[in-house]
Amino acid sequence: MSARPVKKTYFGIAALISGILCALSLLFNFGASSLEIPRKTFDQLNNLTALLYCVLTQATIILGVIGHTRRKDSKNFSRVGIALALVPFLFMFGKFVSLYLK
């Protein structure tokens, strides 16, 4: 019996795309905070973009880890996707901690 060839998977590319969307949703969140709009509209935009960021961050990490462990998947795309999701999160977390420690 011959070994079946391993099929190419696309979790790395999916992680990269969701990482880009994650970074864009965070930029939209910051953009919505600088607009001069009514409070109700701001609350809706803020909630929508924050929810999108939270969902996409988790999806990016899961897709990136799966893509990183697969044999015929793009490990570099997985790493870049995870970095696009986690670097802004770590920056915001650091700012939060520094404000708390003041």
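Predicted model: local features only at pLDDT ≥ 70, side-chain atom pairs only at ≥ 80, totals over all residues.
## Basis of the description

Two residues are in contact here when heavy atoms of each lie within 4.5 Å.

Threonine 49 is a residue of helix α2. Its relative accessible area is 8%, and threonine 49 is therefore classed as buried, the cut-off being under 20%. Apart from neighbours within four places in sequence, threonine 49 has contacts with Ser25, Phe28 and Asn29. The side chain of threonine 49 also reaches the backbone oxygen of asparagine 46, at 3.2 Å.

Phenylalanine 28, one of these contacts, belongs to helix α1, which spans residues 11-33. Between phenylalanine 28 and threonine 49 there are 6.7 Å in space, C-alpha to C-alpha, although the two are 21 residues apart in sequence. Whereas threonine 49 is buried, phenylalanine 28 is exposed, with a relative accessible area of 54%.

## Cysteines

A disulfide is a covalent bond that joins the sulfur atoms of two cysteines. Searching the whole structure gives 0 disulfides. For cysteine 22, the closest cysteine sulfur is that of cysteine 54, at 8.7 Å. Because a disulfide requires sulfur atoms within 2.5 Å, this separation is too far for a bond. Cysteine 54 is likewise in no disulfide, and its nearest cysteine sulfur is that of cysteine 22.

The accessibility of each cysteine can also be stated. Cysteine 22 is buried, at a relative accessible area of 0%, while cysteine 54 counts as partly exposed, at 43% relative accessibility.

## Packing of helices α2 and α3

The packing of two helices is described by the angle between their axes together with the distance between those axes. Helix α2 covers residues 39-69 and helix α3 covers residues 75-101; they pack at an angle of about 145°, and their axes are 8 Å apart. The crossing of α2 past α3 is left-handed.

On the α2 side, the contact is formed by Tyr53, Thr57, Thr60, Ile61, Gly64, Val65, Gly67 and His68. Helix α3 contributes Lys75, Ser78, Arg79, Gly81, Ile82, Ala85, Leu86, Pro88, Phe89 and Met92. Divided by class, the residues in the contact of α2 with α3 are 9 nonpolar, 7 polar and 2 charged.

Methods
Residues numbered from 1 in each chain as written. Heavy atoms only, no water. Axes fitted to C-alpha atoms, helices over the stretch in contact; angles between N-to-C directions. Helix = DSSP H or I, 4+ residues; strand = E, 2+ residues; numbered from the N terminus. Left-handed = near helix turned anticlockwise from the far one by under 90°. Nonpolar A, V, L, I, M, F, W, Y, C, P; charged D, E, K, R; others polar. Buried < 20%, exposed > 50% of the residue type's maximum accessible area, 1.4 Å probe, protein only. Polar contact = N/O pair within 3.5 Å; in protein donor to acceptor, adjacent residues only side chain to side chain.
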